[in-house]
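Please consult the sequence and model below before turning to the notes.

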Amino acid sequence: MSEPAIYYFDNNATTRIAPEVLEAMLPFLRECWGNPSSTYAFGRQVGEHLDRARARVAALINAEPREIIFTSCGTESNNSAIHSALVTQPAKRHVLTTAVEHSASTKFCALLQQQGYIVTFLPVASDGGLNLELLEQSIRPDTAIVSVMWANNETGVLFPVPDIAAICRRRGVLFHTDAVQTPGKLAIDVREVEVDFLSLSAHKLHAPKGIGLLYLKRRVKYQPYIVGGGQERGRRGGTENVANIVAFGRAAELAMASLEAENTRVRALRDKLESAILGGIPGTSRNGAKEPRLPNTTNIAFDGVEAEGILMLLDQAGICASSGSACTTGSLEPSHVLTAMGCDAARARSSIRFSLGIYNTEADVDYLVQCLPGLIARLRASAPAA
Ligand code: PLP
């Protein structure tokens, strides 16, 4: 059966597993299936591969291998960091974060509020930027942790994490950054930018779903979120997902190697797509600042059309993209990110995110650019008059 042609512009949602990554992980599903904690050689040798993978992912952010805790996903990493900061400092009951974090943080913070914790969600400007003076003023004596994402998954807008890390250090507050969208796109060095916690997720960098990591700076107090066996130096219970961890290690190596391609070739494709849309389709505009921004992401509002309709017609043409709107109880909830940037509900509901990756070609972009104008015109023609 031949696969239908897919034009994939949703790399911030998940990425295709790289063939090299699949190759690296398969032996750990076939032959090398021992438990890495076992005392016999059959298990021990699996443990050695685990160590190697840990060193590889550590190198991606210039961390020490012992500072890496493997988790099941970016969501678990975010939850774990915030949870640990609160339980290791019981007298501090305030969390400082932003209104545009991924739901992996915002929903956890909302749960904390229900449990009596105090959470400040910092506002953002219309271009998605953060006011650092306001951030610093919002740190309180009882702030347990500041949690701010590095790159926004919907708009690609980058927050000044080095500056935020410096503020937190100066004020003696723990700092967590959700860096899930950065690998392969941004060089990260935790020795230079001193964060206490950092989250990554393997499926955003051409490895499988179901594996993530939490970077935990040496000597920072930690209370595990999941307890059980003594895995991960007692910091995360549960037998290690060896095949996925090995895959993560290989993907980390490849991500370091693809940094240049993402920042030149992929950036050029994204810019070509963005200018073709903004210049060629009337009633379109970008959401979020042009720079600093991830090199692969563009988020565009198409006046007068619902994103749902656009996505449906794109899907019929074999094109995958997404909107930040969540479908809850049958109606489209406008994206909390765009809403926080001051977009009204109509604009937020008419916005589409295109996120490119290393497997996108010029021909993919040409095809999308060729399809979009007709498709938008069709939807506008059938839209009820305002
Ligand atoms: N943080 C950000 C910025 C993300 O984009 C995502 C996933 O889209 C997550 C966290 C959650 O990661 P995971 O799917 O591995 O739980």
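Predicted model: local features only at pLDDT ≥ 70, side-chain atom pairs only at ≥ 80, totals over all residues.

Residues are numbered from 1 along each chain as its sequence is written, and side-chain values use heavy atoms, with hydrogens and water left out.

**Ligand site**

- The residues around the ligand are Cys73, Gly74, Thr75, His102, Met149, Asn153, Asp178, Val180, Gln181, Ser201, His203 and Lys204; a residue is near a molecule if one of its heavy atoms lies within 4 Å of it.
- This shell comprises three nonpolar, seven polar and two charged residues. In that division, Ala, Val, Leu, Ile, Met, Phe, Trp, Tyr, Cys and Pro count as nonpolar, Asp, Glu, Lys and Arg as charged, and the others, Gly among them, as polar.
- Polar contacts are pairs of N or O atoms within 3.5 Å. In the side chain of Thr75, an N or O atom is 2.6 Å from an oxygen atom of the ligand.
- For His203, the distance from a side-chain N or O atom to an oxygen atom of the ligand is 3.0 Å, and for a polar side-chain atom of His102 the distance to a ligand oxygen is 3.3 Å.
- Of the 390 Å² of accessible area that the ligand has on its own, the protein covers 89%; accessible areas come from the Shrake-Rupley method with a 1.4 Å probe.

**Salt bridges**

- The model contains 19 salt bridges, each being a side-chain nitrogen of Lys or Arg within 4 Å of a carboxyl oxygen of Asp or Glu.
- Arg169 and Asp196 form one of them, with an N to O distance of 3.2 Å. Because Arg169 lies in helix H7 (residues 161-171) and Asp196 in the loop between strand S6 (174-178) and strand S7 (197-201), the pair ties together parts that are 27 residues apart in sequence.
- Helices (H or I, at least four residues) and strands (E, at least two) are DSSP runs, numbered from the N terminus.
- Arg169 is partly exposed at 38% relative accessible area, whereas Asp196 is buried at 5%. Buried means under 20% relative accessible area, exposed over 50%, and partly exposed in between (1.4 Å probe, protein chains only).
- A network of salt bridges links Arg169, Glu194, Asp196 and Lys217.
- Glu253 and Arg250 also meet in a salt bridge, at 2.7 Å from N to O. The two residues are three apart in helix H9 (residues 242-280), so about one helical turn separates them.
- Both members of this pair are partly exposed, Glu253 at 29% relative accessibility and Arg250 at 24%.
- In the salt bridge between Glu274 and Arg286, the closest N and O atoms are 3.0 Å apart. Glu274 belongs to helix H9 and Arg286 to strand S9 (residues 284-286), 12 residues apart, and the pair links distant parts of the chain.
- Glu274 counts as buried at 5% relative accessibility, while Arg286 counts as partly exposed at 25%.

- Trp33, Tyr40 and Phe42 make a nonpolar surface patch of about 370 Å². Such patches are made of residues with over 30% relative accessible area and no salt bridge, with nonpolar side chains (Val, Leu, Ile, Met, Phe, Trp, Tyr) joined within 5 Å and like charges within 9 Å.
- Phe42 is located in helix H3 (residues 41-60) and is partly exposed, at 31% relative accessible area.
- Gly212, in strand S8 (residues 212-216), is buried with a relative accessible area of 0%.

Notes
Polar contact = N/O pair within 3.5 Å; in protein donor to acceptor, adjacent residues only side chain to side chain.
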